[in-house]
Structure formats: structure tokens, C-alpha cells
Amino acid sequence: MAAVTAGNGAGSGAGGSPEGTGGSTGGGGWRRPHGPLQRHYGPSTAEAAEAPPDPTDINGPHFDPEVFMNKVRSECPLGQLLAREAALGREIRALDSDMQTLLYENYNKFISATDTIRKMKVDFRHMEAEMDDLAANMAAISASSARVSAALQDRHRRGAQLAGVQALLRKLQALVEVPGRLRRWAGTEPARALRCHARARAVLRHYRHLPSFRAIEDESHAIMAELAQRLRTRLREEKLDPKELTECVEMLLQLEEPAEELSEEFLSQAGTRLEAELAALEAELPAADPSGVATTPPPPASDILDFVDRGSSAFVGTLCQLAGSYRALFGEDTGRLEPFAATLAARYFALLERRLALERGLGDTSLLVRALDRFHRRLRTLLELLPAGADAAATLVARAARERVDRYLRALQTFFLGCLGDVRQALAAPRPPGKEGPGLPDLLATLAASVLGQLKAVLAYVQLFTARDVAFASLPYFKGEFCVTAVREGLVVAFVRWLCRTARGFADGPAERGAPAAPPALLLLLARLCLDYENSTISYILTLTDEQFPPQDSGPAVTPGPALCAEARAAAQRLLDHYVQVQGAAVAQMLRKSVETRDWLGTVEPRNVRAVMKRVVEDITAIDVQVGQLFEEGVRRAQSSDSSRRAFSVYSSSRAPGRYAPSYTPSAPMDTHLLSNIQKLFSERIDIFSPVEFNKVSVLTGIIKISLKTLLECVRLRTLGRFGLQQVQVDGHYLQLYLWRFASDERVVQGLLDEVAASAAHRCLDPVPMEHSVVELICERG
Amino acid sequence: MEDDAPVIYGLEFQARALTPQTAETDAIRFLVGTQSLRYDNQIHIIDFDDENNIINKNVLLHQVGEIWHISTSPADKGVLATCYNKTSDTKVMTCAAVWRMPKELESGSHESPDDSSSNTQTLELLCHLDNTAHGNMACVMWEPMGDGKKIISLADNNILLWDLQESSAKAVLSSSAALEGKGQLKFTSGRWSPHHNCTQIATANDTTVRGWDTRSMRQIYCIENAHGQLVRDLDFNPNKQYYLASCGDDCKVKFWDTRNVTDPVKTLEEHSHWVWNVRYNHSHDQLILTGSSDSRVILSNMVSISSEPFGHMVDDDELSDQEDQHQEEKIKEPLQDSVIATYEEHEDSVYAVEWSSADPWLFASLSYDGRLVINRVPRALKYHILL
């Protein structure tokens, strides 16, 4: 349409200049809004911009009628020109009619607008008049209203004033009543008085420049001062329970008494009270004996559980309460409270410790455990206030437990010694003939069983300390160190060690120097006991202990079982050796005396075996029985069992090889020596006092060796006559007859007796041996 | 060990008595007395040539009886005393006499052994110690470091102090003391202390050790139950005046401080039978020699109770630098009591051990079968002590 219009315009332009001018006027006004339209159709603009300005385009902006005309004229044939002209004429007409239509429309609108404006002009004129009326009315209203309010104002002010006065008067009334109320309450309800005073105080202070107020203030001050005074007196003098004390101090604080001073007062008052509690506890303890434990204090009136109970409910409870109040009253600053509480707690601990020390006997451990448990539990609340005391308390409990374990150890030791005493008594008791006393195995079994039983019982008691329901058992001490250091090492290992030591003591100790020596049977018994310990009992005890008190992995090192076993074995060995020595020495002493006291030169021809030899054989037989009760038989070196009937080889001409052969012909003593020495080169050296093995044969061999060697040495110290030699011969044969069966190797007996015989022959002035048959005869008869 | 092997000498007879020649300080010489009931007894003078390891012997006849104890004068090399058994058919009596050996034997002789055995010489009797009133003589002690004029003999329960007069031709009993008590008391042995101006002796009877003052002849101390059984021998520490060693039938050797007799200072339990003899080394009192009827001789080093508990004090300068350093370190490490050596050359009970009076590193031991063994302290220990 636009193109048509433009073309129209151009057409008109091309059509004729007058039209063009008229067109430009109308076209200008019409075309202006068309500009935005054209701009809106951007692409055509763009096309226009792209294409070079074409002066021949009738709708283009650069249309040049001259160029267009020239171009049309030069290019188009006539027909076309005509057709063109007709087309242009049509377009121009269409455009003209459109323009006319538009003009009409616009004109109509303009007219109706003019009508409207005119009408409005008329209406406004009406309104203006009404507005003026309104303004006048309003002015009248405001004037009268002002008059009314002016008239009412005065009354209103007076009313308000009166209300104010009324309130003031009421307050004054209250103030005036303050001293009275204070006075009334100060006696009975100081707290209420305080509240009252607190309310009045600020006002009074504010108006104190007024004499009447001052009087009131002074009066109430005086009352309050009096009240404070009374409270203080009460604080100082009376015995208040912690609640009253707290109230009292709280009121004093409200009375603006200095907090510093009050906290001191509070603490001292609390101190007095706690001291009283402590004193009550202390009163139950016997007076400390400065001279030591000269007299055994009478048993405490109440048991430990009771004591701890009272101590914790009275003292610990009060202390907790007071400490709580202190915090509430004086804030969290506990610089003063802590040392105070620590001191008191320390005294309490000390008291408890003294009480614990009174638990001398073994008493009831469960009671002690319960007491300690309660103590520990109750203390926990206190410890929240007083963290510093935790260590002290734990130490106290641990020490008490340790103490108890030590006491058990001592009790065990006493028990063992008691058992030993019983055994000694049983051994020493004179036995009516024909009636055997309890045998050694029975005694041993009784001893071992009772000791083991006691140990088990003790372990069971001690286990109470680590029971699950006991609060302090969860302390690290009781989990680790207590089990290992106190129980395993301090109790079990220490006991076993002590047992070994004690047993050894019988062998090492006083035997020689004065003190009554242990009976040999006891040595034997203890040797067996130690051996049994080494074999089984120690490992059993240790296993039991480790089960009941499981050791911590990272705990302190423990004594290994084998070390203990070695100790026990050493003790057993020492005891058995000692037994052999003691018994050997007893027999040897008999032999020595018999040889030393006899006149070997002037003796008569032997008719009998000397009584002492029979005695020796009897004793050794008895020893054999004794040892046989406790120790195994042992290995005997196999040899002809028939040796009792064998000839006493020294005097027989035909002899087994390997025997020493003294010759009694008065010829060459040199030969004798030579022979003797050669023989000795091939025989084993005999150690007389040598360790023995744990069996009967070895023990007996040891004793026989000691005896015979003694006989040998003693004979060598004497000078014998002919009959003396013969007597030795008889004695030797007798011993040979009866002793060989006891020894592990009868050659030992044989060899030693041969040496005795040889030495006797050497020491004889007239060595004429007795006929062997006669010797045998005498021995068989004897 | 490049230690010299022990030297062994055999006697024909059994023997118990052994002594060094106390007055001799140059040559190593021991005297051994034999025991034979049926032959003439002898005293063997054993000379030991240390350099050549050779033994020379001279034999003296001792015809009066078998010798139980022998001791030599500290002043005169030729004088000795013996306790011997005089036997009759029904009675044995132990007597004591002082003898003089032939002059040429005093300092040893270099005759060939064959000769000496063929023509044995006899002792010259100087005097008898008359004991008819006192009982059997157990031993004779010379006053140590004296002039050889005072001797003490123990006879049964009597202590007899003799003065030898007229060049030992006469023995005068100057004082005596008797031990009274229950039963038959009998001295087994005794020693004369070299300390306190030689005014103390110690005796042993049964299990008791007693000290006596020779001036007053009174008992000055008494160790009751010194040993569990019989006490066999005693010896004084030559360098520490209150120290005494004892040994006995309980197989133990005990060391005592005579000022405190309730407990021994130290006890050794190394032997397996009775200990018959204990001897301190004359110069180095840590060296203790013991002989026992278990046929062993044990040399112990009792440093801790010796007069040189920290070893020989030597300034470092005295040690030349070339001296091996480790030796020096050895000295400084703490010394401990120990058994140095056990000598097992004997086959029979050893009843006597003695240090040589001339060489402090050499000792002899005698067993009943007549075997005399001469041994030396191990060289390493010797240097250890000396350096």
C-alpha cells in the first residue's frame, strides 16, 4: 500500500508539478507518520541502501522525474508508454479518493471535540460556586470548636493533676510504712523485709535531700543494719545447717555487705561445721598413739562400712552442698573454695586412712570392698567440684587395696608357718609304741592342700576388688597395675618366693649356730613340697591367677613361671642336700665317736658286731623308710643281686678285677701302694658331699658315702692292735651285708669299705686278719 | 696355659706331716714326715730346683715313731720339732721332741739321690718336750719370727709354753693353761699369731676356736660352733691382724674377724669332704690354699677380705707404656672372690698343704698315700696380682 502511495506520489510528481506541490503539502503531513512505518520495514530500507540510488524508481526516494522520463522515453515503445500512462493515471485517481476520505474523517472528530470542550466550560463554572460555600461552612465549624475546647481545657488539667497527686500520696504512704514493715518482718521474715527494702531503697536514696524521706531512709537503714547485724551474729554464732547458712549469706549479700568478707565468713562457718563432722568421725577412731603402736587399740565400735557410710553422707554430702552454694553465691571464682575444700578433703582422707589402718585383721574383705566402693562413688560428686582430689582419692583406694593384699600375703605366710608348726609338732609328738603317727605323705598332702586352699581363698577375696559391680574397679590402676603388680607379683609370686626362701632357710640358716635345727623329716618334707611346687603347683597357681586377674598386654613385666620353678627347684635341691648332710653327719658323728673313744690296741678278740654298727644300720633303714615315703625309688645300677652272700673281698685271695688288694704279708709296703694307686687310677673319684638326685637311692647313697668316708678317716687316725683290726673287719662286713641294698651302686659301698679295711690294716701293729668264715659267722649271729 | 706342670714326688710310706723350712728364704725346701707302724719312719727333705724343675731329696731317719706333726724353727734352719707316736703293745702315746738335722743337710745337698737313700742319716735329738703329765701332743708351734727359743705345744687339753735353753738342749716349761669343761676336751690344732708381738695363739677343739694370750695364758676370745663339726685347722692372715681362717669336717672354710665372732666374715664351700688344712699365702693373703680328704687341693682368691682388696696399688707411671694395655684394664675391674684352681693330682686324702717359705708362688701338698705334689700359682694370676 505504501509503495502504491509512494508511487502515487511519484506519479503525481511525474504527473505534474502543481499536483506535486499540492501533494507535497498534503503528502508531507501524511507522509511523516509514514516514516516510522518505513523504518519498521527494515528490509526495504536495507534493500534501498544496498541498491545504488535508482533515480528511475518511481517509489524510491531518489526519484528524478527527468531521468525517469528520459529513460522511459528512450527505452519504451509507444504502446508501452501509453499503457504506462494509463496505469499511472489510475493510480493517481485512487490516491486522490483515499485522501478525501481521510480528510472527512478527521474533520468530524475535530468537531465533536470542540463540542465537548464547550460543554465542560459551562460545568466548571457551577462547581466553583459550590466550593466557595463549603469553605465558608468549614471556617464556621472550626471557630466554634475552638471555643468549646478553650472552655473545657482548664477542667481537664485539674483532673489529671488530682490523679497524679493521688498516686504520689499512695507511694508516700508505702514509703512511710516501710520502716514499720521492715520492723515487723525483720524479726520473723527477713527475706520479705529484704525484698521490701530493696524496693524502697532506690526511691529513698533519690529523695534523701528531703528531711522527711531522709528520716525514713535513716530509719530503714537502721533497721536493715540491725538486721544485717543480727544475721551476722547468727552467721557467726549459731550452728546453721547448710541451707540456712546459704540463705543467711544470700541475704547478707543482698544487704550489700562486702562479698569478700562474706565468702570468708561463709567458708569459716562451713569449715566449723565440716570440722564438727570430721570431729564426730574422728571420735570413733582411737586416739593416735604418739609412741607408736605400743598397745593394740580396741576394735573400733562400728565396722568400716558404717564408718564410710556416715563419713560420706555427713561430711561429703555437706561439703558438696556447701561448695554448690558457694558457687551459686559467689560466682564461679573458686580460688578460695578449692584450697578450702582440698584441705578438708585431705583431712577426711587422712581420717579414713586411719580408720583403714585399724582394719588390722583380715576381717570381711567384701565389707571393705563395699566401703571403699561407697566412698569412691560418693566422692565422685565431690570430685566434679574438686578435680584435684581425684588422684588423692584414687590413690587412697589403691593404697587400701594394696594394703589389704599385703596383709593377705602376711596372713598366708603366717598360715604357712602355722602349718609348718603343726607338721613339726606332729613329727615331734611322741608316739605310743605300736601306733603309727600320721605318715609323711599324709602330712605333706595336708600341708600342700591347706596352703593351696588358703591361697585360693585369698585370691577369691582379693578378686572382690576387681568385681564388675565395684565402681573403682574401672580405674586404670585396678585394671592393670593392681592385677599384675599387687596380686600376681605382690601376692602370688611373693608368696611362692617367700615359701622357697623360708624352706631354704631351714637348710641355710641357723642349723649350725645355736638355734634349734629343723628335724630332718621336716627338711625332707619341705624338699618334696618345693619339688612338687616346681613340678606342678607353681604353674597351676600362676594359671589360676592369670585367669582371675588377666594381665594387661602392656603392663609391667611379670616374673615368668619358669624362673619361679627354678627357684623352687634350687630350694628343693638345697633342702635335700642338707637333709643328706644332716642325716649323714648324724650317722658319721656316731661312727666317729665310736672309733675315737675305743681303745683299739687293748681290745679283746671280737665276738660281736659292735652295737654302734647295728645302730647305724637301723638308722639308715629308718632313713630309707622315711625317704621312701616321699621320694621315688630311683635307679640302681644293675649288678649281681646276690652280693650279700659274697665274700668280703678284701680278705679273699681270689677277687674280682678292679678291687683294691692290700697284702698283709710284712713284705713290701711299696707294692701295696703301687697297687692301690693303680687301682685308683681306674676307679671313679667319689665325691662325698655332692648334690643328690631327687630319689631315694641317691639320697641313701649320699648318706652312706658320708658315713663310710668318716669311718675311713677316723680309722686312719688310730693305731690298732690285732683284735682292733679284726673288729673293724667284722664291722665292715656287717655294714657291707646290710648297706649295699640301699646304695645306687654297691661298688661305692664296697670300695669305701675296702679302703676302710686297707687303712685299718695299715694302722695295725699286728695285722692278722680274722678268718673270713668266722667273720661271716659273727655277722650272721649278730 | 703355659703353666709349668706340677711336680710329683712319691714317698714309700704314708705321710701326714709336711712343713716348709721356715728359716730358709732362698731355696725351696719342704720337710715331710712319714707314718709307718712297722718300719723306721723318715723325714724327707725335699729340695725343689725351680729353674730345672728337679727335686732333690735327702732322707733322715726318725726312729722313735710315726710322725703326726712336724714344724721347723723360724730361726735355725737345722732345727725342727716333731710330734710322734710312741707305741707299746697296749698303749699309744704321742710325744714331741726337738731335733737337729746334720749340718750338711741344712742348706740342701747335692748328693745324688741314690747315695742318700743308701746311707741315710739320723737326726740328732736336742730335747724332749716332757708330756707325761699332759697327755698326747697334737702339734708344736714355733714363735713366728722369733729367735727359735719359744715353742708352744698342744697336749690333749693343755697348752704348754716352753723355753728352749742351752741352744735348745733343754726345754723348760715356762707356763701352761688347761682347758676345762665337760667331757674329754682335746685340742686338734693351733696356730701362733704373727701379730700383736706374737702374744696370741688360736686353738681348735671340737667345733670351737679359741684365742689365747700367751702372756697371761688366758682365753681372749672364743668362737663357739665355728664349724658344724670338728675344726681341723686354723691359720692367721699374715697381713691383717684380726683375720683368721678355719676349716673343718663340715667341708667349709670360714674366715673370721676375731673382734666379732658371732658370724664368719666369709664362708667357702668348695670341697666335698672334710677340709684338713687351710693356709694363707705369706705375702699375698688373698691366696688361700686348702687341702681336703676329697683328694683335692683348692687355691682360692679371696680378694674381698684380703689386705689388698683393690689389687696391688701401682702408679700408672710405673707401668711402661709397652706393657699391654688390657693387662692394665684387668687390674681396674673389680676383683671378685673366686676359686682359682682345683688340683686333682692326688689319689688319696690330702692332709697337708703348705706354701713355700722362699717362693710365694709355690706350694706343696701331701696326700696320705705319700704323694707330694709341688704346684705353682697360675702365671696369669701371678702377673695380675703383681702388676
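Reader: Before anything else, what is a salt bridge, and which side chains of B:Glu66 and its partner in chain A meet in one?

Author: A salt bridge is a side-chain nitrogen of Lys or Arg within 4 Å of a carboxyl oxygen of Asp or Glu. In this predicted model, the distance from N to O in the pair in question is 2.4 Å, and the cut-off is 4 Å. The side chain that meets B:Glu66 in this way is that of A:Arg763.

Reader: How many salt bridges are counted between chain B and chain A?

Author: Side chains of opposite charge can pair when their charged atoms come close. Over all chains the rule gives 33 salt bridges, while between chain B and chain A the count is 3.

Reader: How much area do chain B and chain A bury between them?

Author: The two chains touch through 52 residues of chain B and 32 residues of chain A. On the side of chain B, the residues B:Leu37, B:Arg38 and B:Glu347 lose the most area to chain A, together 16% of what that side buries. Of the area buried between the two chains, 45% lies on carbon and sulfur atoms, and the total is about 3,500 Å².

Reader: How many charged residues are there on the side of chain B that touches chain A?

Author: Across this interface, 10 residue pairs are found in polar contact, both residues being at pLDDT 80 or more. The strands β2 (14–20), β7 (79–87) and β21 (253–257) of chain B each supply at least two residues of the side that touches chain A. By class, that side of chain B has 15 nonpolar residues and 16 polar ones, and the charged residues number 21.

Reader: Within chain A, are α10(A) and α12(A) roughly parallel or roughly antiparallel?

Author: The axes of helix α10 (residues 259–284) and helix α12 (residues 337–357) of chain A come within 11 Å and cross at roughly 5 degrees. Their contact includes A:Leu274 in α10(A) and A:Tyr348 in α12(A), and its residues divide into 10 nonpolar, 1 polar and 4 charged. Angles under 35 degrees count as roughly parallel, and therefore α10(A) and α12(A) are roughly parallel.

Reader: And are α10(A) and α11(A) roughly parallel or roughly antiparallel?

Author: The axes of α10(A) and helix α11 (residues 304–330) of chain A come within 10 Å and cross at roughly 175 degrees. Among the residues that make the contact are A:Phe266 of α10(A) and A:Phe315 of α11(A), and by class the contact has 16 nonpolar, 4 polar and 4 charged residues. Angles over 145 degrees count as roughly antiparallel, so α10(A) and α11(A) are roughly antiparallel.

How values were computed: Residues numbered from 1 in each chain as written. Chains lettered and ligands numbered in written order. Predicted model: local features only at pLDDT ≥ 70, side-chain atom pairs only at ≥ 80, totals over all residues. Heavy atoms only, no water. Axes fitted to C-alpha atoms, helices over the stretch in contact; angles between N-to-C directions. Helix = DSSP H or I, 4+ residues; strand = E, 2+ residues; numbered from the N terminus. Parallel < 35°, antiparallel > 145°, perpendicular 65-115°, else oblique. Contact = heavy atoms within 4.5 Å. Nonpolar A, V, L, I, M, F, W, Y, C, P; charged D, E, K, R; others polar. Buried area = accessible area lost by both parts, 1.4 Å probe. Polar contact = N/O pair within 3.5 Å; in protein donor to acceptor, adjacent residues only side chain to side chain.
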